[in-house]
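Student: I would like to learn how to read helix packing. Can we work through a case together?

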Amino acid sequence: MAAALDRIRVGSAPDSWGVWFPDDPHQVPWERFLDEVAEAGYSWIELGPYGYLPTDPARLTDEVQQRGLRVSAGTVFCGLHRGPAAWDAVRGQVGRVASLTQAMGARHLVVIPSFWRDDKTAEILEPPELTREQWAHLTEGMARLGREVRDTYGLDIVVHPHADTHLDTEEHVERFLDATDPDLVSLCLDTGHYAYCGGDSVRLIETYGERIGYLHLKQVDPAVLAEVREQGLPFGPAVRRGVMCEPPGGVPALEPVLAAAQRLGVDLFAIVEQDMYPCAPDRPLPIAVRTRRFLRSCGA
């Protein structure tokens, strides 16, 4: 029997039910997601794309409470590397999501940098490498965002390295962490995205442990990832090919990741996110049940 990971709070997210957009005919209705995530044995969820779940706090509170669920975080995408001109658009999006996140009693806002290439068409939208000026915009913008979100909504931002964004590889993540204020900016370590981009999650936790504020649990299929890299596929087609797989069948191994997180001695959310867009509506629940069983076997 694995040692109890008593500092790890496990949950899941709409992403694990094939939900990427507020409204899409390929996705399961939000009521079904809430029913099934509770049935699978999870007690924590993320909001997912704003507008997928009800945005009225009273209604959403009723819906999650009657299923024994609680909200751990909301999520926003932003292009702060573009400088002050991007700020107004970011503030509007953040305000909507942070208000609902706060109203649901959550404490975290997951912030994902914008994509440098289209995740469906592979069209290059921006150069994949930032200039020195753009790095300054990104790091200074995240610090400003962290301060405003904390002061206005009482939330902590946790920045999410993500495939096909400017914050992806070990080199980029470490550069970002070294250039940002730990009092204002923490990291959401997504184990799947970090592996997808060549990173070592355990080493990151052991090296920058004080900066880890949140976890997304995910694995990649090494064989599919090799094909993705060889063919230069963007993230969306890679997901459709099955690059993100059901644990424990991929990498990184989650047991040492969870053990390293437990050793930090702080309470951390560990939210399962198995990218599966699009997917058949009956596919997510059995995977979620098996994944929750596996995480219990790890002590979480």
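This is a predicted model: local features need pLDDT of at least 70, side-chain atom pairs count only at pLDDT 80 or more; totals for chains, interfaces and linings use all residues.

Student: How are two packed helices described in general?

Tutor: Two packed helices are described by the angle between their axes and the distance between the axes. Here, helix H4 covers residues 132-153 and helix H5 covers residues 170-178. Their axes cross at roughly 55 degrees and come within 10 Å.

Student: What is the handedness of the crossing where H4 passes H5?

Tutor: The crossing of H4 and H5 is right-handed. On the H4 side, Arg 132, Trp 135, Leu 138, Thr 139 and Met 142 make the contact. H5 contributes His 172, Arg 175 and Phe 176.

Student: How do the residues of the contact of H4 with H5 divide?

Tutor: Four are nonpolar, two are polar and two are charged.

Student: At what angle do H3 and H4 pack?

Tutor: The angle is about 35 degrees, and the axes lie 11 Å apart. H3 passes H4 in a right-handed crossing. From H3, the contact takes in Trp 87, Val 90, Arg 91, Val 94, Gly 95, Ala 98, Ser 99 and Gln 102. From H4, the partners are Gly 141, Arg 144, Leu 145, Glu 148, Val 149, Thr 152 and Tyr 153. The residues of this H3 contact with H4 divide into seven nonpolar, five polar and three charged.

Student: How far does H4 reach from its first C-alpha to its last?

Tutor: H4 spans 31 Å with 22 residues. That is close to the 32 Å expected at 1.5 Å a residue. Gly 154 follows H4, and its phi is positive, near 70 degrees.

Student: Which residues of H4 are buried?

Tutor: The buried residues of H4 include Trp 135, Leu 138, Thr 139, Gly 141 and Met 142. Ala 143, Leu 145, Gly 146, Val 149 and Tyr 153 are buried too. The buried residues of H4 pack against E3, helix H3 (87-103), strand E4 (108-113), strand E5 (156-159) and H5.

Student: Now a loop residue. Is Arg 67 buried or exposed?

Tutor: Use the cut-off: buried means under 20% relative accessible area. Arg 67 has 19% relative accessibility, so Arg 67 counts as buried. Arg 67 sits in the loop between helix H2 (57-65) and strand E3 (70-78).

Student: Which residues does Arg 67 touch, not counting those up to four places away in sequence?

Tutor: Arg 67 touches Glu 31, Leu 34, Asp 35 and Ala 38.

Key:
Residues are numbered from 1 along each chain as its sequence is written. Side-chain values use heavy atoms; hydrogens and water are left out. Axes are lines fitted to C-alpha atoms, for helices over the stretch in contact, and angles run from 0 to 180 degrees between N-to-C directions. Helices (H or I, at least four residues) and strands (E, at least two) are DSSP runs, numbered from the N terminus. A crossing is left-handed if the near helix is turned anticlockwise from the far one by less than a right angle, and right-handed if clockwise. Contact means heavy atoms within 4.5 Å. Ala, Val, Leu, Ile, Met, Phe, Trp, Tyr, Cys and Pro count as nonpolar, Asp, Glu, Lys and Arg as charged, and the others, Gly among them, as polar. Buried means under 20% relative accessible area, exposed over 50%, partly exposed in between (1.4 Å probe, protein chains only). The expected span of a helix is 1.5 Å times one less than its number of residues.
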